[in-house]
Amino acid sequence: MLRRSTRTAAVGIAFLVAAAVPSSAWSSASAFVPGAGARRDAGAGGAPVVIAHRGASRYAPENTLAAVDAAHHHGFLWVENDVQRTRDGQLVVLHDATLERTTDAVKMFPGRAPWRVGDFTAAEIARLDAGSWFGKRFAGERVPTLADYLRRVDRNGQRLLLELKSPEKYPGIEAQAIRELRELGWLDHAHINSRLIVQSFCVRCVRTVHELVPQVRTGILGAPDASELAHCARFADQINPPISALSSRWIASVHRLRGPHGRPLEIYAWNAAKDASARTAAERGVDGIIV
């Protein structure tokens, strides 16, 4: 894998992360160069890719279309999301297993505790306000269906890191998600080549996705033991751990293996909440940062 010097990578990632998660000590978002992520698609070498976690969730309510648009506005090519299934079998974009934190489900359906996503129909979830908790100007923002989310990402010309969230709760969600991706045009050559990665904490589910659509890039969330990496490389192109799990030896163990598409395994690290942690990850040679 071709790489820039660690110093160059560290400078680049610190610059990009400053735009993604600003603080009083960092550069403002206006310093970010729109489209900078286009300089390096996944696996192409160079500075790490930067992915907007749940969309630009610093600027808009997470996993909503507003967060997708905010990421686009701030120049992020890649967005990450979380996909779950409703009681009547529709795929929606939500992170938590319950609706309590990011919607007004408690107010709208007071007798439905614990407000699990899978206990509600798509029509019920469509009634919920998924924006007011974040700020008044987002009042009325809705929980998007996966189809609506895919259309918005496509309209913006963005790229998607799609997570199948808790797939063990939703048997068959791998095939269903693939079916929707196909119906919305996301399994053509252009999307598969550079605009789509499917990931999950469920290793079995990642293997299932690979078996269903071998051409799609896949990622395993977590930090498998080095002894398990060769097995993972049979069906996963990426191993995506929390930033706290990184070590130089583990990173080297991942990078020396090749995935199912013949390229070195990549590492997209997440939970990069601080400038220092992102800088450390870049210095160690990760391929992407989910911020």
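The following paragraphs describe a strand with its neighbours and then a pair of helices.

The structure is a predicted model, in which local features need pLDDT of at least 70, side-chain atom pairs count only at pLDDT 80 or more, and totals for chains, interfaces and linings use all residues. Residues are numbered from 1 along each chain as its sequence is written, and side-chain values use heavy atoms, with hydrogens and water left out.

Strand 2 covers residues 78-85; strands (E, at least two residues) and helices (H or I, at least four) are DSSP runs numbered from the N terminus. Eight of the eight residues of strand 2 are buried, that is, under 20% relative accessible area with a 1.4 Å probe and protein chains only. In a regular strand, side chains alternate between the two faces of the sheet. Here Trp78, Glu80, Asp82 and Gln84 lie on one side, Val79, Asn81, Val83 and Arg85 on the other, and all are buried.

Strand 2 pairs with strand 1 (residues 49-52) in the parallel sense over two bridges; pairing requires at least two DSSP bridges between the strands. Ile51 has Trp78 as its bridge partner. Strand 4 (residues 159-164) runs parallel to strand 2, joined by six bridges, and its Leu161 stands opposite Glu80. Strand 3 (residues 91-93) is antiparallel to strand 2, with three bridges. In the hairpin of these two strands, five residues lie between the strands, and Gly89 takes a positive phi near 85°.

Turning to the helices, helix 6 (residues 173-183) meets helix 8 (residues 203-212) through Glu174, Ala175 and Ile178 on one side and Arg204, Cys205, Thr208, Val209 and Leu212 on the other, contact meaning heavy atoms within 4.5 Å.

Notes:
Buried means under 20% relative accessible area, exposed over 50%, partly exposed in between (1.4 Å probe, protein chains only).
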